[in-house]
Amino acid sequence: MSTDTTEKGMETLIMRYMTGTDGIDVKPDVMGQTLAPHGGTGYLAGSAKNYDRAHALDVQQLFAFLRATQPDAFNKLAIAADARDINRLKFLTRISSEIGKRGVIDVLRKGIDHHPAGHFDLFYGTPSEGNAKAQALHALNRFVITRQFAYSLNEARRAVDLGLFINGLPIATFELKNSLTKQTVEDAVEQYRRDRDSREKLFEFGRCVVHFAVDDSEVRMCTELKGKASWFLPLNKGYNDGAGNPVNPQGLKTDYLWKELLTPASLTDILENYAQIVQVKNVKTGKKKYSQVFPRYHQLGVVRLALRHVREHGVGKRYLIQHSAGSGKSNSIAWLAHQLIGVKHNEKEVFDSVIVVTDRRILDDQIQKTIKQFMQVGATVGHAVRSGDLRKFIQDGKKIIVSTVQKFPSILDEIGDQGGKTFAIVIDEAHSSQGGKTSAAMSKALGAEDGEKNDAGDTDNETDPEDTINEALEKRIAARKMLTNASYFAFTATPKSKTLEMFGEPLPSDTEGKVKHRPFHSYTMKQAVEERFILDVLKTYTPVDSYYKLVKKTEDDPEFDTKRAKKKLRRYVESHEHAIGLKAEIMVDHFHEQVLAAGKIGGQARAMVVCTSIARAVQYFHAFKTYLLERKSPYQAIVAFSGEHEYGGGKVSEASLNGFASGEIADKIQTDPYRFLICADKFQTGYDEPLLHTMYVDKTLSGIKAVQTLSRLNRAHPQKHDCFVLDFQNNSEGIMLAFQDYYRTTLLSEESDPNKLHDLKAALDGAQVYSPEQVVQFVALFLAGAERDRLDPILDACVAAYTNTLDEDQQIDFKGKAKVFCRTYDFLASVIPHTNREWEKLSILLNLLLPKLPAPKEEDLAMGIIDAIDMDSYRVEKKAVMKIALADSDAEIEPIPTEGGGHKGQPELDRLSNILKTFNDNFGTLFTDGDRVAKRIREDIAPKVAADLAYRNAKENTPHTARMAHDQALGKVMQILLKEDTQVYKQFVENDSFRRFVGDMVYAMTSQ
């Protein structure tokens, strides 16, 4: 019998492990059966015929569970066997509507009420020890996995590979792929985005907990399907401190999903303690948005490992958790804090109270939202903000107490001796204030000093002054020790050596007798970057000297217009004229010409200017204000610093300069016209703003400060593919040294020579993997918005040429050169305003071809661009870059090249932002991706309408009929959208106000 290497073979492998059977010929009617003995990990094999598409439930499994666990209530329903029975339909409709309103997680946890039968439990969670009844009920839960069940009411043949149900309620779906059949997890993700319609009952928000895309190397997960906007996160173990999964000598790399994460015990734990639907309220608009959360592998790992260690060792231990930005620390801390409350050691609860020390309001909110899922927040969580609060909350029995780092020392002074109680102290960003005095104050306040207790009468006795001094010194020395009645859980992305020493696990001493320490658990910056949860800020870090050298090199290249060389930059570097005004102009010009003009972050990019002092920040603010007006730029700057400052003979503050309160800065920078945030020791740590793309550094940075400051740029956004740092004060060596403890990477500014790209392109062209015609055809299709089924044939033809005509050494050489070309070109495109058009075309092809080229040897596991990027926003960016390249090429042949080409684009940019704003204000709730729809109207629909011959003739010859001709042309263009963008077409046909809005907008854009 030959090995089955297809998807079906993978289905069978999973089914056999989970259920002990192939799960192919399962009898549909199990309503009257009791829970039969089964193999595997505790799952039953389900029948696809039991799935009720109208209600998205496995009805027979649901009824079998209710009959076995709650027979009296079930009998009251008086349900007949007929599928059209009215009592049956009422009950199924009730369950289905409750899932639709509350989400399946809440329905599983709390059950439903249904007249006349009363309350129904739909899931029995982990039973407490010694509770025989709870254990018996828990054993009657029906964990079911079903193969190839058809889910659609409209398209009967559409089926998911596997569906996971608990007691008939849907929990997860799976799309499986197999690299042996030339398909990967990316194809599974694409299948969900393209073929799994979120309007289908099964795929509605909250109706399933999670959707898995799986192959033999990787697992991705998504908690809300939204078509092309569906966001699939890696659910991988990590490999060599990076992305992916390690080789598994016992089976597939991804079998941990069904062997570890989805066993009945593990899945029960996830549903009870981790998975949740969270409500987020927009403070500005008041709108509520819901998101569903499922733990990532490292989050589940650290919480479970810490809880297991506490169960085994009790109180008094220290745990350093080094989790990078992008790791989801807020959720990890909230999940850990709520579960530490009830953890037991030797059958006794370990902690009286859990104290969370954090400066982040988002974490405070997250803890409350997490606790709210399981218990009454008011009775459980206290906020220690004033003196005496902490002592009162401990005495009142509050289980979780949240305090800020700044207020903690003063609160500690008010706390009496709590030596008889035990605490879990969870510290967010441990390095910020937990070294030295604060940690010592915490130790002193929360515990008795090494068992020393004063008798009540001692205070009345006269004591020798020297004894008093000695006793006070001894107490302070004792307070410096970590407590035996508290466990410390310190979360940080960038631990200092002192933090490692205080909280880390000691390793055996080396040959010199030195003892190093390691974290209890880690999720590295390297893995976060490779999984694209954060961006690599060092990739495009550029000291100003290197920036100048790169620009200067282009002067000798005939491909570039020498008159475009940066005169201001030359003056700055060569004459050492370091005036604030000159630097401000360099920054503003760079941002307009290389960031805004390139459409970075879908045209929403922001910049931060890091200043050495408040005085310097105020000077920069005025210089920016002056030059932005001079440039006729529609954008403005915001300044951020603490307190008041003397300037120009008077006192200035943030509010007086900006014209609004300090507390509004974080919100204001997200909205136009504000694009520059000028900072002096503010917003440089703990500030998460995904729209920050570019940073201009005019301050000496070193060590952890450098890492924290530059990391402000690393937050991910669906339309953010890179970031950029231009540094006027520091050099590459110092910055690399600062980062080396957390993440090693190459600084491209040190290795990039524009002239090398000519040599690389010649070598790549010579390999004949692609033809010039293929490059032109591919780029034209890509920029025109073609779907994958039109792009892939060209890429596949290139892959065939690569595989069939190159030997292994040539393949390695080609792939290596292609990676260097893409990396170097992408970097140079962010530095040099007008690049080579042929380079840009080749980079588009290679960036999308590289992930498809088979690896001749084991390579790094970082994902290719096509794996993770939003194709629409990437296309928009590349269109913008091509426009720049074309503008440059046109400028070369014009007799009088116009200086400062960036100025002309500004009214258009402003117009686009106005269009987007108007569109989102009016129709933002109709679409999940309003920006994309607005851009489609502007960049796709409007040009096609403008090109309509009848409309053009009407405008020129009979202007009074132009609007009528326009409307007819628009109708024809929208017909084309029927297949390409059904959602927009549907709204255009059915929604009068939307149709009028589009008509007016397109007419205004095309009638000039």
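Mentor: Gladly! Let us begin with strand S17 (residues 353-357): five of its five residues are buried, so S17 is largely enclosed by the rest of the structure. Buried means under 20% relative accessible area, exposed means over 50%, and partly exposed lies in between, with a 1.4 Å probe and protein chains only. Strands (E, at least two residues) and helices (H or I, at least four) are DSSP runs, numbered from the N terminus. Before we go on, note that this is a predicted model, where local features need pLDDT of at least 70, side-chain atom pairs count only at pLDDT 80 or more, and totals for chains, interfaces and linings use all residues. Residues are numbered from 1 along each chain as its sequence is written, and side-chain values use heavy atoms, with hydrogens and water left out.

Trainee: Which residues of S17 lie on each side?

Mentor: Ser353, Ile355 and Val357 are on one side, Val354 and Val356 are on the other, and both faces are covered.

Trainee: And how do I read strand pairing?

Mentor: Strands of a sheet pair through backbone hydrogen bonds, either parallel or antiparallel. Two strands count as paired if DSSP finds at least two bridges between them. S17 runs parallel to strand S20 (residues 423-428), joined by five bridges, with Ser353 opposite Phe423. S17 also pairs in the parallel sense with strand S19 (residues 400-403), over four bridges, and there Val357 faces Ser403.

Trainee: What is the strand order in the open sheet of seven strands?

Mentor: The order is S1-S6-S7-S8-S9-S10-S11, and the pairing is mixed. Strand S1 (44-46) and strand S11 (233-234) are at the edges with a single partner strand each, so one side of each has no neighbour in the sheet.

Trainee: Is strand S7 buried or exposed?

Mentor: Eight of the eight residues of S7 (residues 159-166) are buried, so S7 is largely enclosed by the rest of the structure. Strand S6 (residues 143-150) pairs with S7 in the antiparallel sense over seven bridges, and Arg147 stands opposite Leu162. Strand S8 (residues 169-176) is also antiparallel to S7, over five bridges, with Ala172 as the bridge partner of Leu164. The hairpin of S7 and S8 has two residues between the strands, and Asn167 takes a positive phi near 50 degrees there. Further along, strand S9 (residues 210-214) and strand S10 (residues 219-222) run antiparallel, joined by four bridges, one of which puts Ala213 with Arg220.

Trainee: How should I read a nonpolar core?

Mentor: Think of a set of buried Ala, Val, Leu, Ile, Met, Phe, Trp, Tyr and Cys residues joined through side-chain atoms within 4.5 Å. Here the largest one has 130 residues, and Leu164, Phe174, Phe212, Leu340 and Phe489 touch the most other members. Helix H10 (residues 297-313) gives the largest share, seven residues. A second, separate core has 72 residues, including Ile601, Tyr620, Leu628 and Phe724.

Trainee: What does Leu164 touch, leaving out residues up to four places away in sequence?

Mentor: A contact means heavy atoms within 4.5 Å. Among the residues that Leu164 touches are Met18, Tyr43, Val144, Ile145, Phe174, Leu262 and Leu267.

Trainee: How many cavities of 30 Å³ or more does a search of the whole structure find?

Mentor: Three. A cavity is a set of points, on a 1 Å grid over the protein atoms alone, where a 1.4 Å probe fits but cannot get out; lining residues have an atom within 4 Å of a point. Points are joined across faces, edges and corners, and the volume is the space filled by probe spheres set on them. The second largest cavity holds about 50 Å³. Eleven residues line it, and Met525, Leu535, Asp536, Val537 and Phe739 are the closest to its centre.

Trainee: And the chain overall?

Mentor: The protein chain has 40 helices and 32 strands, and buried residues make up 51% of its 1008 residues.

Note on methods
On a 1 Å grid over the protein atoms alone, a cavity is a set of points where a 1.4 Å probe fits but cannot get out, and a pocket is an open set with protein on both sides within 12 Å along at least five of seven lines; lining residues have an atom within 4 Å of a point.
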